[in-house]
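Here's a quick briefing to read alongside the model. Have the sequence and the 3D view open as you go.

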Amino acid sequence: MSDIVDVLVVDDERINLKLVEGILRGQDLNLKMATSGAEALKMIPDHDFAVALLDVMMPGMDGFELAERLRSSEATRNIPIIFITAISKEQRHVFHGYELGAVDYLFKPVEPEILRGKTNIFAELHRHKRSLMEATRRLEATVEELKVSREALARSEERYRMVADYNYDWESWIGPDGKLRYISPSCERISGYAPERFFDEPDMMQRIVYQEDLNRWIQFMQDDTVGDEESLDFRISDINARTKWLSLVRHSIFSDEGAPLGIRLSMRDITNRKLIESKLKHSAFHDTLTGLPNRALFLERLNRAAERCSRTGEHFAVLFINMDRFQAVNDHYGHSVGDKLMVRLGVKLQQKVRPIDTVARFGGDEFGVLLEDIPRRSEVRTLIRKIFDSFKEPVEVDGITFALSASVGYDIGSSSDIDSEEVVHNAQVAMNAAKEEGKNRITAYDKRMREGMVNVLAVENELNRALEAREFTAHYQPIVNLADGSLYGFEALARWNHPERGLVSPGEFIPVAEETGQIVTLGAQILEEACTAMQEWTRLYPAAENLTMAVNISAKQFAESSLAGHVERILERSGLRPGRLKLEITETVVMLDAIKSVNQLKSLKNLGILLSIDDFGTGYSSMSYLQKFPTDQLKIDLSFVQRMESTPENIEIIRAIVNMAHSLRLRVVAEGIETERQRDLLYSLQCDYGQGYLYSRPLPREAAEEFVKDSE
């Protein structure tokens, strides 16, 4: 019997069908794609579907109506339905789907591993169902043969009744006297041991159950109050010493006259399910890049350490570590090298701490270290110094030797009466103090440091001062034509030219500017500077006549009803022709309120400017809305570009995006190009334009002007 099963996928957007196809490829699944409910219903008579993956928002017959049609038919009412949707997660939508018989909801963007896991579960159940039906047919044939001998049938009818419904699983029948009466052949498939071993060695089962699970297993077997709906998950060691997870269900059985016949045991191999659960749990508490514990797991362990130290009188310490000038590594060598270096640093830290200690990655270039069970405070400083000195040792990645330093802040505690978040924050405050004192040093937390902390209000005041002083400036990253490498234009990116700190990374001020609303003023300053610069280059260099200038528009800017008027006034003051200005709005922003976005985009388009959807591929735009948006370009999110070489399915996703964009007469820009291989792949996929470190990092105005001059 073939292991391939049919899966129905319904979505009116072909790009979404392509995305699902890319995720589920190679899973022994026969994916049947439909772009409407009517088309899906036509497929039903010719297929035996294991699961149906339905979009909700579709023209004509939507996903809810299709689900209702499936549930109303005897032939399809048992098909599991999973809704994959980008609509609101409000309970009324979700409850309506469950009322129609859905077994699950997945919200876009879908995590590939979750979609694969859920689909494979129902596919495996469907395979079991087919095996069971086949086994039932074989059993019925056997029964027909046994009818020629009523005496033989009488001796064996109870045995076959035991396995009629559960042939695929490991079935056992234990009589009222506690002796094994029957064990199915599936026991050998699951455990590796033949049925005869269990008859010959009555304690065989106890010997292969994990020692840690044995007491629970014995208790479950002896508990007569256990109902049919209860189960026990436990582990065994198979004949090859491999761990298998089994789910055990027990049923009390009786003869037709009501006499007790013992118990029937059904054991299903759930090893794959446990593996998926373990991966999901691991990903929830570990950093995806380094595999180290993340902040959530770190805080959990910190709470346990504090509680233990309060009983023993010992100490614990929290270190907050920030790598000095790590951003320069990403800027100069690219994020791929930066990621590898971050992994190596995580390994180095683990080698320098004790087995009971915890090393975590908090994100970016920040690590946390939890030191536990330290008898004396003086020993804490010895351990911290050992960790700090480890950064003096150079680290090599891809043949490049990096000599890095770190700023370390720490806080020591010995009581359970703490706020774990506050302890970590104390260590972070101390780390910031180490940075301000000149970096590459260790600083202990002192309560007086809180007095000098810069809160959001202080940062807001500093940003107000900087905006008034016009300290924000634009850096320009070139965008090139992938066909011939010629210069197509620039993207303007905000930078803070602080009078004391020099250039400040956007990561430090953009989030605060977004939160406080100052991003509107900041965005207007960058837009005006970018338009003025492009007009000046056009006056000086004929080669700049047809270049475009791309400027990002934040969510708060896009929400302003006066945005089009501001843009129009800036174009008038700078003298830049509207057709040479391109505003980039992220896909997530335009899809927050798609109907309102259409009106805002139309008002901007009426100025004659170009419009681009930024970070495309992360927000699952509806094709119907893309057709309504008066846009000129799509920009593929850099996460797809940077994973092209390592994950082939991303190539297919990009191919689908490019084909869809071209069908809508949109040009496509790819960002984050760092290698020639990425460039060549994008060109082969007919992507139009590209930008990234392969061509140039963002340049200050004078350097960008030289770039224009050299392009002549």
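**Two loop residues, then the rest**

N440 sits in the loop between α16 (420-436) and β17 (442-444), with helices (H or I, at least four residues) and strands (E, at least two) taken as DSSP runs numbered from the N terminus. This is a predicted model, where local features need pLDDT of at least 70, side-chain atom pairs count only at pLDDT 80 or more, and totals for chains, interfaces and linings use all residues. Residues are numbered from 1 along each chain as its sequence is written, and side-chain values use heavy atoms, leaving out hydrogens and water.

**Positive phi**
- N440 isn't a glycine, yet its phi is positive at about 55 degrees.
- At 42% relative accessibility, N440 counts as partly exposed (buried is under 20% relative accessible area, exposed over 50%, partly exposed in between; 1.4 Å probe, protein chains only).
- D398, also not a glycine, has a positive phi of about 50 degrees, and is found in the loop between β14 (395-397) and β15 (400-402).
- D398 counts as exposed, at 52% relative accessibility.

**Helix pair**
- The axes of α13 (residues 326-333) and α14 (residues 335-352) come within 7 Å and cross at roughly 140 degrees; axes are lines fitted to C-alpha atoms, for helices over the stretch in contact, with angles from 0 to 180 degrees between N-to-C directions.
- F326, V329, N330 and Y333 of α13 meet H335, V337, G338, L341, M342 and L345 of α14 (contact means heavy atoms within 4.5 Å).

**Whole chain**
- There are 28 helices and 26 strands in the chain.
- Buried residues make up 47% of the 712 residues.
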